[in-house]
Amino acid sequence: MIKISQRLRRCAQVFPGLFLLFGASMVQAAPIAFTGAEIMPVSREPIADGVLVIEDGKIVHVGAAGRIRIPSDAKVIDISGQVIVPGFVDTHSHIGEPAGGDRSGPIQPEARALDSINIRDAGFRRALAGGLTTVNIMPGSGLLMSGQTIYVKLREGNDVTAIAYKNADGNIAGGMKMANGTNSRRDPPFPGTRAKSAALVRQKFIAAQEYLAKLDAAEDDEGKKPDRDLGMEALVEVLRGERIVHHHTHRHDDVMTVLRLQEEFGFRVVLHHVSEAHRVANEIAAANVPVSLILIDSPGGKLEAQYSDLKSAPALEEAGAMVGFHTDDYISDSRLFMRQAALGVRAGMSRTIALRALTLAGAEMMGLGDQIGSLEPGKDADFVILSGDPFSVYTRVQETWVEGMKRFDIDDPDDRTVAEGGFGVLQPSVFVDIHGYGEWN
């Protein structure tokens with residue numbers, strides 16, 4: 001059954017004048033104060049009996065009960081016995097059925113995940129059920145460079161551009177997906193060896209440097225600028241540090257190849273997967289390169305990941321490297337995102353860094369740390385209400401809030417179906433949309 005608020009939204013679509021008359025009731029009309037919960041802001045120590053105040057999609061106050069003045073017009077919600085954490089940030093996901101470059105060549109930076117995402121894919125609702133509020137959606141890793149990723153906020157929206165983060169210039173925000181190792185090795189025109197893979201990437205970046213030099217030399221003279229090249233334009237953004245490289249890599253030697261390329265060309269990079277991070281943790285930390293891990297307790301499938309070890313998480317922490325987590329959904333289900341951190345803690349990672357790896361670290365890896373990732377005044381009101389300890393297998397996501405709007409509620413029958421399974425829930429496009437306007441197909 002469609003909720004009342006959803007019926008109102010449908011009416012607003014059909015009768016826009018009605019929305020103008022009654023629209024105020026459909027948005028947050030007053031501040032909301034959550035009381036009684038333990039609050040884990042990430043940027044500071046946990047608050048045992050905390051108060052979180054939000055208004056207009058932003059966090060207004062975070063602090064201990066008795067020390068925070070709750071606005072007189074605030075709606076007060078007592079959630080005693082529960083835990084509030086920042087919205088989770090997944091730095092590497094494939095929800096939305098994204099695609100990038102094709103089999104015509106190994107390097108295709110011009111391809112955009114933006115142009116292939118199905119916003120009605122059920123994966124978006126599964127992500128909300130797992131407490132995710134921000135996701136880096138990227139193409140696969142079958143190419144050395146498979147195209148541009150897109151950063152999305154799981155707010156309401158009927159088109160992918162409506163949920164996309166925007167850069168200061170108004171353009172869609174995202175990174176560049178790269179890969180090495182076995183995934184991109186095959187028959188020509190693809191590379192057949194690791195050495196050839198690195199050589200092709202190096203040659204492409206040299207071409208991008210030359211393209212950038214021509215642009216700089218031309219300045220504002222359109223007649224002197226080189227012909228437009230979409231791939232080169234994307235790589236220029238990488239060279240300028242405007243687009244972060246998100247690099248699939250597993251084996252320790254493949255990791256070192258990425259670090260050499262990063263040092264040579266100076267691009268910003270996040271290492272993803274990094275099954276053998278424990279073997280080169282000090283080298284990664286010395287390069288000041290962050291790592292987004294995926295931790296699994298039932299390894300298999302990929303030969304180069306045979307030495308995957310949960311101890312990579314504490315090894316990177318001990319070395320001083322920034323550590324985050326990702327799902328690579330469907331490799332790991334978005335609904336089980338908290339489990340990544342729990343496995344890290346089991347292996348020896350500190351609870352503080354493990355929670356940061358689910359939230360603020362991922363935000364910083366995407367250049368969004370000033371906007372999301374911790375519970376601080378002025379940041380987006382993205383947070384998750386948990387039933388208990390975030391590292392306990394018994395803890396459930398109760399509610400997921402994005403920009404001050406509740407996007408998942410375990411007490412809602414449809415949301416509970418998404419959280420717990422049910423017929424067809426794991427199949428793409430089972431749900432009509434992610435914003436609650438529709439019913440089952």
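This briefing walks through selected features of one chain, from its overall make-up to single residues. The model is predicted. The chain has 13 helices and 18 strands. Of its 441 residues, 55% are buried. Among contacts between residues at least 6 apart in sequence, 67% join residues at least 24 apart.

**The H5 and H6 helix pair**

- Helix H5 covers residues 194-218, and helix H6 covers residues 230-239.
- Their axes come within 9 Å and cross at roughly 90 degrees.
- An angle of 65 to 115 degrees counts as roughly perpendicular, and H5 and H6 are therefore roughly perpendicular to each other.
- H5 brings Lys204, Phe205, Ala207, Ala208, Gln209, Tyr211, Leu212 and Leu215 to the contact.
- H6 brings Met232, Glu233, Leu235, Val236, Val238 and Leu239.
- By class, the contact has 11 nonpolar residues, one polar residue and two charged residues.
- An α-helix has 3.6 residues a turn, so residues three or four places apart point the same way.

**The five-stranded sheet**

- An open sheet is formed by five strands, in the order E2-E6-E16-E17-E18.
- Its pairing is mixed.
- The edges are strand E2 (38-39) and strand E18 (405-409).
- Each edge strand has a single partner strand, so one side of each is left without a neighbour in the sheet.
- E2 is joined to strand E6 (residues 83-86) by two bridges, and the two strands run parallel.
- Glu38 has Val83 of E6 as its bridge partner.

- His92 sits in strand E7 (residues 88-93).
- Its relative accessibility is 1%, so His92 counts as buried.
- The His92 side chain makes a polar contact with the side chain of His272, at 3.1 Å.
- Beyond its neighbours within four places in sequence, His92 is in contact with Asn136, Met138, Lys177, His272, His273, His326, Thr327, Asp328 and Asp329.

**Helix H9**

- Helix H9 spans residues 312-319.
- Its buried residues are Ser312, Ala313, Pro314 and Leu316.
- The cover over these buried residues includes helix H8 (281-286), strand E14 (291-293), strand E15 (323-325) and helix H10 (337-347).

**Arg416 in helix H13**

- Arg416 lies in helix H13, which covers residues 413-420.
- Its relative accessibility is 33%, so Arg416 counts as partly exposed.
- Leaving aside neighbours within four places in sequence, Arg416 is in contact with Ile410 and Asp411.
- Arg416 and Gln398 are 18 residues apart in sequence, and their C-alpha atoms are 9.6 Å apart.

**Backbone points to check by eye**

- Most residues other than glycine have a negative phi, and most peptide bonds are trans.
- Pro188 and Pro189 are joined by a cis peptide bond, with omega at about 15 degrees.
- Pro189 is in the loop between strand E11 (176-179) and H5.
- A cis peptide bond also runs from Asp329 to Tyr330, with omega near 20 degrees.
- Tyr330 is placed in the loop between E15 and H10.
- Asp329 is also one of the residues in contact with His92.
- Glu97 is not a glycine, yet its phi is positive, at about 55 degrees.
- Glu97 lies in the loop between E7 and helix H3 (123-129).
- With a relative accessible area of 38%, Glu97 is partly exposed.
- Val274 is another residue other than glycine with a positive phi, near 50 degrees.
- The loop between strand E13 (269-273) and H8 holds Val274.
- At 1% relative accessibility, Val274 counts as buried.

Key. Residues numbered from 1 in each chain as written. Predicted model: local features only at pLDDT ≥ 70, side-chain atom pairs only at ≥ 80, totals over all residues. Heavy atoms only, no water. Axes fitted to C-alpha atoms, helices over the stretch in contact; angles between N-to-C directions. Helix = DSSP H or I, 4+ residues; strand = E, 2+ residues; numbered from the N terminus. Parallel < 35°, antiparallel > 145°, perpendicular 65-115°, else oblique. Contact = heavy atoms within 4.5 Å. Nonpolar A, V, L, I, M, F, W, Y, C, P; charged D, E, K, R; others polar. Buried < 20%, exposed > 50% of the residue type's maximum accessible area, 1.4 Å probe, protein only. Polar contact = N/O pair within 3.5 Å; in protein donor to acceptor, adjacent residues only side chain to side chain. Pairing = 2+ DSSP bridges.
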